[in-house]
Amino acid sequence: EAVVHWFKRDLRTHDNKGLSLAGQLAKKYNIPLIAMFIVSPQDYQAHFTSPPRVDFELRTLEVLKRDLGEKDIPLFVETVEDRKTVPARLLELFEKWGAKHVFCNIEYEVDELRREAKMTKKCLERGIDFTAVHDDVVVAPGQLHTQQGKQFSVYSPWSRAWIAHLHANPDMLNAFEAPGQNPPTARERFKDIFDTPIPSAPENKKLSEEERKRFTHLWPAGEHEALERLERFLNQKIGVYKSTRNFPAANSTAMLSVHHSAGTLAARTAVRSARDVNSTKKLDGGNEGIKGWISEVAWRDFYKHVLSHWPYVCMHKPFKYEYTNIEWEYDADLFDKWCRGVTGFPIVDAAMRQLNHMGYMHNRCRMIVASFLAKDLLIDWRMGERYFMEHLIDGDFASNNGGWGFSASTGVDPQPYFRIFNPLLQSEKFDAEGDYIRKWVPELAEVEGKAVHDPYGRGAGVVAERNGYPRPVVDHKESRGRALKRYKDGLGRE
Ligand code: FAD
């Protein structure tokens, strides 16, 4: 007999509910715990998962295999080419291992939920107990209601309810204990699993040698790295987070999103740790930076709540269905310029180049480039959403979809459509010294002063031209007018 934990986007041993429950049961019956993970190239393809993200997962699995191995817990990792055969393959393995209990943590996307439902049924038919638990979010979807008993579709009241719920149930933030040592016989019995290396990335998601080095250097993988980063952030930066978080050159945010999204860090761990360094020992009050940071982590929960209550957002539909009729431009050349960061708008170009180089972009810049694509270029926000998933190392369906919906004004609790970011003003406000632009747009590195925000409009055109920096692809004032009209027309055609 054996107990199995099926890892998905929860690649850690600390504070992992499903894994912890599996470990407790294995200990109770004194039977081995087996951990497993399926590499599914078709799932990666279907979800537009970026190659750096796949690489990050595989590097994390190496760490996990080592850590679990120290407890004689085998980690079985296998590539299954045809995603439709994953459930059958799982059942085959459970039977082979004599597993009567299987645990996993719930993923809220539609495909994943369907697969879990199927597994629950199939396992039941075979007398296997399949338990999928809430772990990815701090407060599970469905627990919070408005006073009228409805689901929240606005963040502020939702977050007040989220905080109140956690203050009323402080145990919800307690850590789940890591699994203990397997019985000594496990090493011999599962020798083949211990001896099998982690597979390499599927062909469709392979990085070049240079990319692999770059991403390994930028984003060391695994939960130890996540916990160290969290610790450093709490010790050094969280206190001033509120006043510094919007400035991309400040390097003042936690840079933990990749860990939340791969599950090397639980949102619960992050929120509990921040609470514990707050003078109030609460999620609100006390230090403004701590309070502000917790509320950002809460946004992550909010978007998962949205995804699970309005699953049509998974099907390329805007949350606000009345925005279905906007007439988008599908200009391939402009889209390509946006992707490559050659729009002639320095802040937009810097941000896109940061994304292309790091697999990451600062939050303020994500909003700027998303607004620019949807409103200045009037290109379907779903093309940008997809490009982000294809390039972000922290790509997360719910947060990405939520962020795009916010910026394009089509999502839940969005920016009103008539509030259109002016890229120049955003640039001057949030990158006042131009340091972020100069870092990512080398053509403008020698441009001094405020001209860096708009080289052709502010007398630095000669330098910009000499260095091959493009002129702006649109006139913001004109595009603003066009966007307002299109959005209004779209709404009129309900
Ligand atoms: P910090 O500022 O230190 O915040 C701490 C944590 O809170 C983050 O790690 C993240 O887990 C969470 N968080 C912070 N802001 C948000 C937010 N607005 N929405 C949801 N969660 C948040 N985040 C992703 O993790 N994956 C995505 O694919 C993603 N796509 C986005 C697309 C757009 C268009 C926008 C506007 C935002 C997107 N975000 C996404 C949210 C946000 O930009 C990143 O989470 C943040 O920049 C990560 O950096 P950090 O870890 O330093 O964040």
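A residue is called buried if 20 or more other C-beta atoms lie within 10 Å of its own, exposed if 12 or fewer, and partly exposed in between, with C-beta atoms placed from the backbone. The model is predicted: local features need pLDDT of at least 70, side-chain atom pairs count only at pLDDT 80 or more, and totals for chains, interfaces and linings use all residues. Residues are numbered from 1 along each chain as its sequence is written.

Strand β1 covers residues 2-7. Strands (E, at least two residues) and helices (H or I, at least four) are DSSP runs numbered from the N terminus. Six of the six residues of β1 are buried, so the strand is largely enclosed by the rest of the structure. In a regular strand the side chains alternate between the two faces of the sheet. Ala2, Val4 and Trp6 are buried on one side of β1, and Val3, His5 and Phe7 are buried on the other.

Two strands pair if DSSP finds at least two bridges between them. β1 runs parallel to β4 (residues 99-105), joined by four bridges. Val4 has Val102 as its bridge partner in β4. Five bridges pair β1 with β2 (residues 33-39), also in the parallel sense. Here His5 is partnered by Ala35 of β2.

The ligand is surrounded by 28 residues, counted as near if the C-beta atom, placed from the backbone, lies within 6 Å. Thr253, Ala254, Asn363, Asn400 and Gly403 are the closest. Helix α19 (397-408) gives the most to this shell, with six residues. Domain 2 (137-174 + 223-309) and domain 3 (321-492) both contribute to the shell, so the ligand lies between them. The domain bounds come from an automatic or database domain assignment.
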